[in-house]
Amino acid sequence: MSRLQTAENLCGNLFQIPALETFKNNLTSHGIDFKRADCTTLQINVGLLCNQACKHCHLDAGPSRKEIMTRKTVEDVIDLAGRFNFKTIDITGGAPEMNPHIQTLVNKLAPLTKTLILRSNLTAIAEKDQKHLLQLLSDKKVTIIASFPSLNEAQSETQRGKNSFATSITTIKNLNAIGYGLPGTGLNLNLVCNPAGAFLPSSQEQLEKRFRQMLTKKWGLSFNNLYTFANVPLGRFRSWLERTGNLESYLLKLASNFNSCTLEGLMCRSLISVSWEGYLYDCDFNQALNLYMGGRKTHISELH
């Protein structure tokens, strides 16, 4: 199945709405030929187990999920990374800190790529048994991309759960204490902000200024960059949109804000995504849709 079909399947029958063009037609009207470029990034989903059950999660990750990458698949991933020259390797979940083999992955992958990323919700890594992982991330200069959805405590906890805000603030303080987010250390801490409801994010530039000002003023915290993302209508977020009657209006909102300038850097053009089972996808969202890369179910152990 092609990426064009993938994008259209996100909206399903709602493309029958006259105001909502198909993604394919939108590309055609802009004269865009949408193809894969060179593959530079390996993204690894180490499991759907997470200590949170966030409302916006497109993978339905949470504490009750048992799906987790095994040691054998971890070894297959390390072998893959050693045979191909990926500029970036991106470890995600769920909460990747909860995979029992996470330290092995970090240790083995760090020498194989220019940039190793760990995605964190800032609460799983706050557990006492994660001190060794924190030290390892620092030693290997792993970039941390951390979810921090809002400066408003109530709004943040509506999305992520009770006590998540205070824990996140404490975690950033602890990361700052070992050099993360501080200039000149080479330890990058980037924050990610997702909207809490059926609306699009504010200007990334303006929001970064506001976050930097408020986090510095109120808590003395530092970070390198802030990225804003619109939530994709999949998984738990799609269920919430359907339940609240917001799905159709949200899809129309996404379509009306189509920006052809973003397509050059679209992740599915230069990334391969490996699921916790070791199967290949064009991106994390295709994992949620169970749409295999190239339309064929391929395990990383089959690559040569």
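A pocket is an open set of grid points with protein on both sides within 12 Å along at least five of seven lines, and its lining residues have an atom within 4 Å of a point. The views below show a predicted model.

**Figure 1. The second largest pocket and its lining.** The lining is made up of 15 residues. Pro149, Gln155, Cys193, Phe199 and Leu207 lie nearest the centre of the pocket. The space inside is about 200 Å³. Which helix gives the most to this lining? Helix H8, residues 204-219, does, with 3 residues. By residue type, the lining holds 10 nonpolar, 4 polar and 1 charged. Rolling a probe the size of a water molecule over the atoms shows where empty space is left.

**Figure 2. The whole protein chain.** The chain has 11 helices and 8 strands. Its radius of gyration is 19 Å, close to the 19 Å given by the globule rule for 304 residues, so the chain is as compact as a globular protein of that length. The C-alpha trace spans about 55 × 50 × 35 Å along its principal axes. Of the 304 residues, 49% count as buried.

Figure 3. A disulfide is a covalent bond between the sulfur atoms of two cysteines. How many disulfides are counted here? The count comes to 0. The cut-off for a pair of cysteine sulfur atoms is 2.5 Å. Take Cys57. The closest cysteine sulfur to that of Cys57 belongs to Cys54 and is 6.8 Å away, so the two are too far apart for a bond. Cys57 is buried, with a relative accessible area of 15%. Now take Cys283. Its closest cysteine sulfur is in Cys268, at 5.5 Å, which is also too far for a bond. Cys283 is buried as well, at 7% relative accessibility.

**Figure 4. The salt bridge between Arg236 and Asp60.** The whole structure has 10 salt bridges. In one of them, the side chains of Arg236 and Asp60 meet at 3.9 Å, N to O. This pair links distant parts of the chain, 176 residues apart. Arg236 sits in helix H9, residues 235-243. Asp60 sits in the loop between strand E1 (41-45) and helix H3 (71-83). Is Asp60 buried or partly exposed? Asp60 counts as partly exposed, because its relative accessibility is 31% and the buried class ends under 20%.

Figure 5. Asp76 counts as buried, at 14% relative accessibility.

**Figure 6. The salt bridge between two strands.** Asp90 pairs with Arg119 in a salt bridge, and their closest N and O atoms are 2.7 Å apart. Where does each partner sit? Asp90 is in strand E2, residues 88-92, and Arg119 is in strand E3, residues 115-120. The two are 29 residues apart, and the pair links distant parts of the chain. Their accessibility is worth a look. Asp90 is buried, with a relative accessible area of 3%. Arg119 counts as partly exposed, at 28% relative accessibility.

Technical notes
Residues are numbered from 1 along each chain as its sequence is written. This is a predicted model: local features need pLDDT of at least 70, side-chain atom pairs count only at pLDDT 80 or more; totals for chains, interfaces and linings use all residues. Side-chain values use heavy atoms; hydrogens and water are left out. On a 1 Å grid over the protein atoms alone, a cavity is a set of points where a 1.4 Å probe fits but cannot get out, and a pocket is an open set with protein on both sides within 12 Å along at least five of seven lines; lining residues have an atom within 4 Å of a point. Grid points are joined across faces, edges and corners, and a volume is the space filled by probe spheres set on the points. Helices (H or I, at least four residues) and strands (E, at least two) are DSSP runs, numbered from the N terminus. Ala, Val, Leu, Ile, Met, Phe, Trp, Tyr, Cys and Pro count as nonpolar, Asp, Glu, Lys and Arg as charged, and the others, Gly among them, as polar. Buried means under 20% relative accessible area, exposed over 50%, partly exposed in between (1.4 Å probe, protein chains only). A salt bridge is a side-chain nitrogen of Lys or Arg within 4 Å of a carboxyl oxygen of Asp or Glu. The radius of gyration is taken over C-alpha atoms; the globule rule is 2.2 Å times the number of residues to the power 0.38.
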